[in-house]
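Subject: Structure handover

Hello,

Here is the structure you are taking over. Please open it beside this email and follow along.

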Amino acid sequence: MERIQLDITKAAQFLSEGAVKAYEPQVKAAQEALENGSCPGNDFLGWLHLPSSITPQFLDEVQAVANTLRQKCEVIVVAGIGGSYLGARAVIEALGNSFAWLVGDKTNPTIVFAGNNIGEDYLFELSEYLKDKRFGVINISKSGTTTETALAFRLLKKQCEEQRGKADAKDVIVAITDAKRGAARAAADKEGYKTFVIPDNVGGRFSVLTPVGLLPIACAGFDIKALVNGAADMEKATAPSVPFAENIAAQYAAVRNALYTEKGKKIEIMVNYQPKLHFIAEWWKQLYGESEGKEHKGIFPASCDFTTDLHSMGQWIQEGERSIFETVISVEQPAKKLLFPSDDENLDGLNFLAGKRVDEVNKMAELGTLLAHVDGGVPNIRIIVPELNEYYIGQLIYFFEIGCGISGNVLGVNPFNQPGVEAYKKNMFALLDKPGYEAESKAIKERLK
Ligand code: PA5
C-alpha cells in the first residue's frame, strides 16, 4: 500500500535557506517529549500509540454493536459536539455518497448529527424528520455534562422511547462516555444501555479512533479495520526513529512553525478540491485550533472548499493581506469516473474538453490555483492522498494528530488542554440561572445593566 505524501517545496521557497531543517532539533525534542511523556498535558497522550494498540477483538466488539444498530435502524442519530462529533462526521462524509442524506442508501442507515448546536429550529426539524423513522441514538460525551449534547439527547431519548417503546429503545441507544463520571454514564447505567468508554487519557479532539468515531463510522457501513490499519501504518511512518527528512509529520510541524515565526503567516487555510472533504477540514480546524490557540499564540486554522470558494475567497487569497499560507489536500484518484460530454451546438465553447475526465479539469484548476497563489505570495503545502478510502483516511487522521502534537510542543503550549472553552459556558450558565452559579448570575446581570 502507498502512503500519503507531503510536498513542502512551494512553502519552503518563501523561507530562508535551511529554515525548515533548522527546526529539526526542536521537532525531535517535541517528539521525544511526547514519546517519554515529559511534555505538558502528558496525561492526555493515549492517542499516541492508539492505532497500533487497538486489538481485532475490540474492533469486532464495536462492529457487533454497529451491526445491531444497522439491523434495527433506518436512521442513526449521533449526538455529540466538538471532539465527540467532528471526527465521525469527517470520515463518514469523506467516504460516503454526497447525496446519501437526500436519496437514502438501501444498504446503510442514514447517519444524522445532533447535539452540536442549540438551534431550536434544527432540533424541531430533526424531530419532525424522525417521526416516521425507525431510529437509534449514539450519545457521545466524554464529560457527560455538555449542554448541547445533553439537551439533544433528552429530546431524542424521549422520542425514541415514545416511538419504539422503552424496551426496544434500550437496544438502539448506545452511550460513549466516561467509565464512571457524568450524566451520560448515570443515564446509561440506569437504563441499561450498551456503553463504550472513552479512555481518560484521550482528549475529545484526538478521539476519532476510539468508539467515539469508530462506532458511527461502522454504523455508516465503512471498514473500521482498514481505517485503523491506515492510522497504524502512519504511526510507524512518523515514529521518532524515522529521519527528519522522511518524517512527514515532523516536516509539516516544522514548516508551519517556520512560516509562523519567520514570515508572520498567522493563518493556515486547509484547502480541498473534493466537497466530500469539507468536514475533514472542520475536524482539522478543531484539532489545531483548540490545541494551539492559547497564551495569545497559535496559527488560526481556516478552511476553503475549492473550486467553490475560489469564487468567493479567491480574491482575498490572491491579493489580500499576506498573512496566510495554504495546505492543500490533493486526492490523486477519484473513486468514480465521469467524462465531459461533447455537444453539437458547443454554445459554451467547452468542446475542447470533450472526452476528458472531469477530474482532469479539476486537477488543472488545482495546479493553476497553486501557481497563481504562490505567485501572489501564498506559501503552499500539499498533502497528496492516493484515493479516498478508509485506509488513506486513517493515515491522514494520524498524520494530522501527530503533526499537531509535535507542532503544539514546538510552539511551546500545552496542546492537550482547552481552558479557554470554559469562558462562554460560565457566562451561559450564569445567564440561565443555573443552580450553583448564583454569584456569577448576579455579577453578569450587573454588567449588563
Ligand atoms: O476536544 C475536546 O475536548 C472538546 O471539543 C470536546 O470534545 C467537546 O467539548 C465535547 O465534550 P464532551 O465529549 O465532554 O461532551
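**The open sheet**

Start with two strands. Strand β9 (residues 324–333) and strand β10 (residues 380–387) run parallel and pair over seven bridges. Helices (H or I, at least four residues) and strands (E, at least two) are DSSP runs, numbered from the N terminus. Two strands pair if DSSP finds at least two bridges between them. Look at V331: V385 in β10 stands opposite.

Before going on, note that this is a predicted model, in which local features need pLDDT of at least 70, side-chain atom pairs count only at pLDDT 80 or more, and totals for chains, interfaces and linings use all residues. Residues are numbered from 1 along each chain as its sequence is written, and side-chain values use heavy atoms, with hydrogens and water left out.

Now the whole sheet. It is open, has five strands in the order β1-β10-β9-β7-β8, and its pairing is mixed. Which strands stand at the edges? They are β1 (5–7) and β8 (300–305). Each has a single partner strand, so one side of each lacks a neighbour in the sheet. From one strand to the next, the twist averages 20°.

A helix packs on this sheet. Helix α14 (residues 278–292) touches β7 (267–272), β8 and β9. Contact means heavy atoms within 4.5 Å. The direction of α14 makes about 175° with that of β8. Axes are lines fitted to C-alpha atoms, for helices over the stretch in contact, and angles run from 0 to 180 degrees between N-to-C directions.

**Buried parts**

Next, strand β4 (residues 135–141). Seven of its seven residues are buried, so β4 is largely enclosed by the rest of the structure. Buried means under 20% relative accessible area, exposed over 50%, and partly exposed in between (1.4 Å probe, protein chains only). F135, V137, N139 and S141 point one way from β4. G136, I138 and I140 point the other way.

β4 has parallel partners. Strand β2 (residues 75–79) is joined to β4 by five bridges. There, V78 has I138 as its bridge partner. Strand β5 (residues 173–177) also pairs with β4 in the parallel sense, over five bridges. Here I140 stands opposite I176.

Helix α5 (residues 86–95) is mostly covered, with nine of its 10 residues buried. Among the buried ones are L86, R89 and L95. What do the buried residues of α5 pack against? The list is β3 (110–114), α11 (211–219), α12 (224–237), α14 and α17 (390–411).

N247 sits in the loop between α12 and α13 (248–263). N247 counts as buried because its relative accessibility is 0%. Leaving out residues up to four places away in sequence, N247 touches Q31, A237, T238, A239 and V242.

**Salt bridges**

Side chains of opposite charge can pair when their charged atoms come close. A salt bridge is a side-chain nitrogen of Lys or Arg within 4 Å of a carboxyl oxygen of Asp or Glu. How many salt bridges does this rule give? The count is 29.

Some to find:

- K194 and E61 form one, with their closest N and O atoms 3.2 Å apart. The pair links distant parts of the chain, 133 residues apart: K194 is in strand β6 (residues 194–197) and E61 in helix α4 (residues 56–72). K194 is partly exposed at 33% relative accessibility, and E61 is partly exposed at 35%.
- D178 and R181 form another, at 2.9 Å between the closest N and O atoms. D178 is buried at 4% relative accessibility, whereas R181 is exposed at 54%.
- K445 and D433 meet at 2.6 Å, N to O. K445 lies in helix α19 (residues 438–448) and D433 in the loop between α18 (422–431) and α19, so the pair ties together parts 12 residues apart in sequence.
- K157, E161, K166, K190 and E191 are linked in a network of salt bridges.

**On the surface**

Finally, V103. This residue is in helix α6 (residues 100–103). Is V103 buried or exposed? V103 counts as exposed because its relative accessibility is 61%.

Best wishes
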